[in-house]
Amino acid sequence: MVDELAVLRDQIDEVDQQLVELFARRLKLVAGVGEVKSRQGVPIYAPDREAAMLARRRAEAEARGVPPDLIEDVLRRAMRESYASEKDTGFKCMNPELNKAVVIGGAGQLGGLFAHLLTLSGYPVEILEKDDWARAEQMLTGAGLVVVAVPIDQTVAVIERLPRLADDCLLVDLTSIKAEPLATMMKVHSGPVLGLHPMFGPDVSSLAKQVIIYSAGRGGEQYEWLLAQMRIWGARLQAVNAEEHDKAMSLVQALRHFTSFAYGAHLCAEQADLAQLLRLSSPIYRLELAMVGRLFAQDPVLYADIILSSPGNLEMIRRYHRRFGELLEQLEQGKRDAFVQQFATVSEFFGDYAGTFLKESRMLLAQANDSRHHAD
């Protein structure tokens with residue numbers, strides 16, 4: 001029986017080696033695709049092409065008795081690697097007449113990422129840091145694009161210190177709040193203005209499928225080239241009014257970060273045995289714990305600035321705290337029926353999204369469990 005098992009395992013190893021060769025061949029083809037896209041200005045991410053290809057592969061898998069979800073998981077992982085490889089080939093320049101781009105704070109992570117992408121796209125890029133401010137007027141003279149990529153608490157002050165820019169210069173910020181920076185840019189600069197909020201960290205391997213929110217300022221026709229450039233980078237652009245953006249970010253960022261912080265602080269105060277929690281956890285709790293722990297592996301100043309960036313954020317957290325207390329009081333009073341009724345109300349509020357999120361979370365949980373190493 002041992003010999004029979006060894007033979008089967010050897011055959012599996014042989015198939016796995018063939019898979020490695022096929023993936024190597026696929027990546028080589030992807031590199032060729034990247035070169036063509038670069039020349040023609042085709043975006044890295046083509047959602048219609050991706051959806052159609054996955055649908056075909058799922059149908060072919062089902063016809064061969066292979067679980068379609070398995071093929072889709074493998075291909076999505078392969079495509080993620082492909083997107084990362086494609087960006088190394090460079091991108092078509094959508095505004096070759098641009099004199100130069102200046103990234104203020106370009107030595108930082110997010111500013112550095114945008115400076116890198118602009119360079120890959122063929123634009124002359126200069127970096128302006130705080131130690132260079134004595135030369136700011138000289139460096140900004142003739143700039144066709146100025147990107148402000150400094151910490152949140154410094155953004156408005158930096159914008160206010162800008163020397164006069166050329167009337168056709170596009171002024172952009174990358175801050176996670178939009179209303180105040182956008183208003184300040186409109187006040188200090190008479191030319192085109194655009195507010196951007198990249199909804200990702202600077203450690204992303206590719207902008208494919210990454211969301212960039214933009215809030216219109218002034219001169220839409222004059223910044224359309226930058227929107228087109230970001231689409232070529234693979235980003236998904238979402239247009240949102242600055243005030244609406246800041247209100248939404250109170251929920252998406254400030255409240256979410258604060259609740260993760262509070263949960264982590266509670267675990268710390270309780271001196272929870274994290275190793276034991278991980279050993280005893282289901283995949284979903286491990287994933288939730290990972291998302292909380294991820295917060296504490298990053299810069300605390302950044303998260304403090306995000307949470308404190310707007311009085312509206314604190315008001316949102318205060319309302320959440322009040323509702324938390326009300327729900328806790330119901331439980332303390334043993335109002336089981338009230339809990340069930342509230343649960344049903346919230347479930348109705350989520351509607352079809354609840355089922356969508358259930359499906360998505362199942363895939364995430366399966367991936368998290370697959371990557372976990374179980375040692376007895």
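Reader: Which residues of helix 9 meet helix 11?
Author: His-257, Ser-260, Phe-261, Tyr-263, Gly-264 and Leu-267 in helix 9 meet Tyr-285, Leu-289, Val-292 and Leu-295 in helix 11. Contact means heavy atoms within 4.5 Å, and helices are DSSP runs of H or I with at least four residues, numbered from the N terminus. This is a predicted model, where local features need pLDDT of at least 70, side-chain atom pairs count only at pLDDT 80 or more, and totals for chains, interfaces and linings use all residues. Residues are numbered from 1 along each chain as its sequence is written, and side-chain values use heavy atoms, with hydrogens and water left out.

Reader: How many are nonpolar, polar and charged?
Author: The contact of helix 9 with helix 11 has 7 nonpolar residues, 3 polar and no charged. Ala, Val, Leu, Ile, Met, Phe, Trp, Tyr, Cys and Pro count as nonpolar, Asp, Glu, Lys and Arg as charged, and the others, Gly among them, as polar.

Reader: Switching to Lys-178. Buried or exposed?
Author: Lys-178 has 0% relative accessibility, so it counts as buried (under 20% relative accessible area, with exposed over 50% and partly exposed in between; 1.4 Å probe, protein chains only).

Reader: Where is Lys-178 found?
Author: Lys-178 is in the loop between strand 4 (170–173) and helix 7 (179–188); strands are DSSP runs of E with at least two residues.

Reader: And what is Lys-178 in contact with, leaving aside neighbours within four places in sequence?
Author: The list is Asp-173, Gly-195, Leu-196, His-197, Ser-215, Ala-242, His-245 and Asp-246.
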